[in-house]
Every structure is written in structure tokens, then in C-alpha cells.
Amino acid sequence: MAKDKDYKRMIHSARWLKLRREVLTARPLCVRCEAEGRLRSAVEVHHVVPVERALTREAKERLMFDRHNLLQLCNDCHV
């Protein structure tokens, strides 16, 4: 799914960068690797429901900043 202008704006916002840092600090290990018995550092914060699926800017913001929509992943699991 292509990243639209709303997503690009939000992913570079101070609000997102702060939330991303908080999420990675709270759980520094990749959740997928942990589930498979491996220990790898999480370096990415993944949106479970892609932000781009939302139709309005407000709905995109809800998905972007909802902690329940985020997973901490290593780069390999994120790709």
C-alpha cells in the first residue's frame, strides 16, 4: 500500500517520534521473535492495521497513534 501525504506527515511528527520511543522503551524485544523463542531487539514499530486503510485524516490519526495497533519488531520481521 502506498504511503499517502497524511501518513508521511504523521510518521515524521514529534507526536509519533515520542510514541515510537515510548513503545520501544516499554518493550525492547521483537514480539514475533520472542513468540518463536528468539531474542532480538525491536527496532521498528509496526501498525497492525495499516494507517492507509482509513478513509479520513481523523481515522488515520486514530490508527497511527493507537498503542493497541502497534507491535515492536526487529527489522527482519518488519520487512
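**Notes on the fold and its largest pocket**

1. The chain folds into five helices and two strands, taken as DSSP runs (helices H or I, at least four residues; strands E, at least two) and numbered from the N terminus. Read from the N terminus, the order is α-α-α-β-α-β-α.

2. A word on provenance: this is a predicted model, where local features need pLDDT of at least 70 and side-chain atom pairs count only at pLDDT 80 or more, while totals for chains, interfaces and linings use all residues. Residues are numbered from 1 along each chain as its sequence is written, and side-chain values use heavy atoms, with hydrogens and water left out.

3. On overall dimensions, the C-alpha trace spans about 40 × 25 × 20 Å along its principal axes. Of the 79 residues, 34% count as buried, meaning under 20% relative accessible area with a 1.4 Å probe, protein chains only.

4. For contacts (heavy atoms within 4.5 Å), 65% of those with a separation of 6 or more join residues 24 or more positions apart.

5. Now the largest pocket, which holds about 250 Å³ of space. Its lining has 15 residues, and Lys 3, Tyr 7, His 46, His 47 and His 78 are the closest to its centre. Here a pocket is an open set of points on a 1 Å grid where a 1.4 Å probe fits, with protein on both sides within 12 Å along at least five of seven lines; lining residues have an atom within 4 Å of a point. The volume is the space filled by probe spheres set on the points.

6. Who builds that lining? α1 (5-11), α2 (14-26) and β1 (44-47) each supply at least two residues, and β1 gives the most, with four.

Definitions and conventions: Buried means under 20% relative accessible area, exposed over 50%, partly exposed in between (1.4 Å probe, protein chains only).
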